[in-house]
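Dear colleague,

I am handing over the structure we spoke about, and I would be glad if you could look through it before reading my notes.

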Amino acid sequence: MQQTVQLNLKRMKNFIGFARSYLIRNNPIKAFVDGTVATVKDMLSINKKRKLAKYRLNYQMYKLNQMEKLIAANNEHVFLRGNKFNEMR
């Protein structure tokens, strides 16, 4: 009986040691705090990210419009160009 109790206490002590080492390596409280801080930072900087994305989108739209104008200016099949329109009249 005494050996069984000692064996169970030894096993319990080993388990507690392993659990303690695991908690030291992978601290769930620290991970939770780090995750919360990252979420708050994202929430506070979302307006800046939105403005940056809007700027990039507007810049790409500007470049697309420039390309379309260049293509239209060099396309002889566009009927509303100035020279062709005047010649048709």
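Below is what was found in it.

This is a predicted model, in which local features need pLDDT of at least 70 and side-chain atom pairs count only at pLDDT 80 or more, while totals for chains, interfaces and linings use all residues. Residues are numbered from 1 along each chain as its sequence is written, and side-chain values use heavy atoms, with hydrogens and water left out.

The protein chain has three helices and zero strands (DSSP runs numbered from the N terminus, helices being H or I of at least four residues and strands E of at least two). Its average pLDDT (the predictor's confidence in each residue, from 0 to 100) is 86, and 83% of the residues score at least 70. Confidence is highest in helix α1 (residues 2-25), with a mean of 93, and lowest in helix α3 (residues 82-88), with a mean of 53.

Of the 89 residues, 0% count as buried (under 20% relative accessible area, with exposed over 50% and partly exposed in between, using a 1.4 Å probe and protein chains only).

A search of the whole structure finds one salt bridge (a side-chain nitrogen of Lys or Arg within 4 Å of a carboxyl oxygen of Asp or Glu). It joins K49 to D42, whose closest N and O atoms are 3.5 Å apart; K49 is partly exposed, at 47% relative accessible area, and D42 is likewise partly exposed, at 43%.

I29, which lies in helix α2 (residues 28-73), counts as exposed at 61% relative accessibility.

With best regards
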